[in-house]
Amino acid sequence: MSGAIARHWRRKPLLIASRPLRWALYGGALVYLAVAVSSVHVNWLRLYDGLPRGWRFVQGFLAPNFLARWEDILIGFQESLTMTVTATAVGILLAIPVGLGAARNISPLPVYLVCRFIIAAARALQEIIVAILFVAMFGFGPFAGFLTLSFTTIGFLAKLLAEDIEDIDEAQAEAIRATGAGWWQLVNYAIQPQVMPRLIGIGLYRIDINFRESAVIGIVGAGGIGATLNTAMERYEYDSAAAILMVIIAIVMLCEYGSGHIRRRLL
Amino acid sequence: MPVPAGAGRPVWQHRSTRARLAGWFGWLMFVALFVLCWQVMTKDTIWSFVLDAPQQAADIGSRMVPPRWSYLDRLWWPLWDTLNIATLGTLLGTVIAVPVAFLAAGNTTPSRLALRPLALLVIASSRSINSLIWALLLVTIIGPGVLAGIVAIGFRSIGFVGKLLYEAIEEIDAGAVEAIEATGASRWQVIDYAIVPQILPAFAGIAVFRWDINVREATVLGLVGAGGIGLQLQASLNVLAWPQVTMIFLLILATVVLSELISAKVRHAII
């Protein structure tokens, strides 16, 4: 190389430096892809039959029908929104003690283990499975949905809160401890001011998630707009379904915009 | 802030009277909203069902154990389908999400007025609608089966991958882009040599993260007929075969934990 000008420049590989590993990964991915795709059975006739329906759905989106089922849609959204508000409030309220307990730097080991177990249990199964169980126990309707969302909110919020508390600036906690403060005073004066902005941020984000989830758990009978949507789909009323989806999208975007606004003002 | 109190001595208080009043009023409104929502939500609730929930829970719990281990033999094939739905769906989603992200990122979009809002709308709609709802919709169009699941997962992934990727594109170091542009490179060469190397680790991380979420979501898509292990779950629930339901829950739990471990390991290796 030295002396002569290199005529060829070979670009360095971008992600995986080792050559054999790279080719093995590519080869493995190709083999998997071939096997996986060939194991997907597609009923082309059924697909062909469904195309007009797909087209009708697109048309439904272009001309959504808000009026034909407006009473059902209104009740559905009323259930979804009230469920979201109550479940988020209760979830946050219960998540705070669990989160405090799950932070290793401020709680004793037995409490820590119990709280970590609660978090793991609440996060292990997805909302819809929790909803199935709660519907079986508490009967159909938004109350089961409220319990589902509260339960999953606890897992989500408590985990993030605990991680946040474990990451705080120890100097402030040290300073408050040095004044002879008790545990409650420590939490109130050293920890709460440090984690509050993020707690508000996570709480607002969770409102958003809870609303989106409330649109889903209705499919298994836990109330909310999901049940209305499911019915509309089963009746092939795509114009009503499109109207519901559009309202969901609008509310989610409004939530996101609103929470972004609040976060910018508060933080 | 110090507030003058009785006896002429200023007493330190955290907030002024006005701020405190506003705070109280805010909390009052919040509690009122909560109570209102609670009343509206529970107006049709049948409380006798709620009150006997402990018995119901004990009853279901006693039916759920022990899990029917022999049922496991019939779950491997649906599990393979579930993993395929997650993987192929992630692939489909990312393939569509990449161009959408480039159109949505402020520094790479060819047109700020027309294409960028359109791309952002695609991302927002895809993100707002849960994969289960996409599946509900696609099952009536494509028909029940794995394909509907793959497309549903793919559609839901567009928004997630697209949003995180376009944010990554917007955060790149503009110096590299300028340097490549200065060599007289074309638009595509700039993307290839200046942007792609900068976002590739982030992209791989996002894709693996989404794959992990997709495994989780694919396990329940069968509830609406979109293939995978959820179909078995729905069938077992319909006949109230609780020991089988427990078995499925355990398998789903194991799969989810495993995929989370894999994704955490891979992301750790990349980033």
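## Domains of the two chains

The C-alpha centres of domain 1 and domain 2 of chain A lie 40 Å apart. In chain A, domain 1 covers 9–38 and domain 2 covers 69–266. These bounds come from an automatic or database domain assignment. Chain B is divided into domain 1 (2–38) and domain 2 (74–270). Their centres, taken over C-alpha atoms, are separated by 46 Å.

This is a predicted model: local features need pLDDT of at least 70, side-chain atom pairs count only at pLDDT 80 or more, and totals for chains, interfaces and linings use all residues. Residues are numbered from 1 along each chain as its sequence is written, while chains are lettered from A and ligands numbered from 1 in the order in which they are written.

## The nonpolar core

The largest nonpolar core has 135 residues. Such a core is a set of buried Ala, Val, Leu, Ile, Met, Phe, Trp, Tyr and Cys residues joined through C-beta atoms within 7 Å. A residue is buried if 20 or more other C-beta atoms lie within 10 Å of its own, exposed if 12 or fewer, and partly exposed in between; C-beta atoms are placed from the backbone. B:Ala135, B:Leu138 and B:Leu165 have the most contacts inside the core. Helix H7 (residues 146–170) of chain B gives the largest share of this core, 16 residues. Helices are DSSP runs (H or I, at least four residues), numbered from the N terminus.

What does B:Leu165 touch, not counting residues up to four places away in sequence? Its partners are B:Ala97, B:Val98, B:Ala101, B:Ile199, B:Phe203 and B:Ile206. Two residues are in contact if their C-beta atoms, placed from the backbone, lie within 7 Å.

## Where the chains meet

The contact takes 49 residues from chain A and 45 residues from chain B. On the side of chain A that touches chain B, H3(A) gives the most, with seven residues. That side of chain A has 33 nonpolar, twelve polar and four charged residues. Here Ala, Val, Leu, Ile, Met, Phe, Trp, Tyr, Cys and Pro count as nonpolar, Asp, Glu, Lys and Arg as charged, and the others, Gly among them, as polar.

One helix pair deserves a look. The axes of H9(A) and helix H6 (residues 131–142) of chain B come within 10 Å and cross at roughly 10 degrees. So H9(A) is roughly parallel to H6(B), a label for angles under 35 degrees. Axes are lines fitted to C-alpha atoms, for helices over the stretch in contact, and angles run from 0 to 180 degrees between N-to-C directions. H9(A) uses A:Leu229, A:Asn230 and A:Met233, and H6(B) uses B:Ile133, B:Leu136, B:Leu137 and B:Thr140. By class, this contact has five nonpolar, two polar and no charged residues.

## Backbone details in loops

A:Tyr236 is not a glycine, yet has a positive phi of about 60 degrees. A:Tyr236 sits in the loop between H9 and H10 of chain A. With 13 other C-beta atoms within 10 Å, A:Tyr236 is partly exposed. B:Leu240, also not a glycine, has a positive phi of about 55 degrees. Its place is the loop between helix H10 (229–238) and helix H11 (242–270) of chain B. B:Leu240 counts as exposed because it has 11 C-beta neighbours inside 10 Å.

The peptide bond from B:Val65 to B:Pro66 is cis, with omega near -5 degrees. B:Pro66 is in the loop between helix H3 (53–64) and helix H4 (76–104) of chain B.

Note on methods
Helix = DSSP H or I, 4+ residues; strand = E, 2+ residues; numbered from the N terminus. Parallel < 35°, antiparallel > 145°, perpendicular 65-115°, else oblique.
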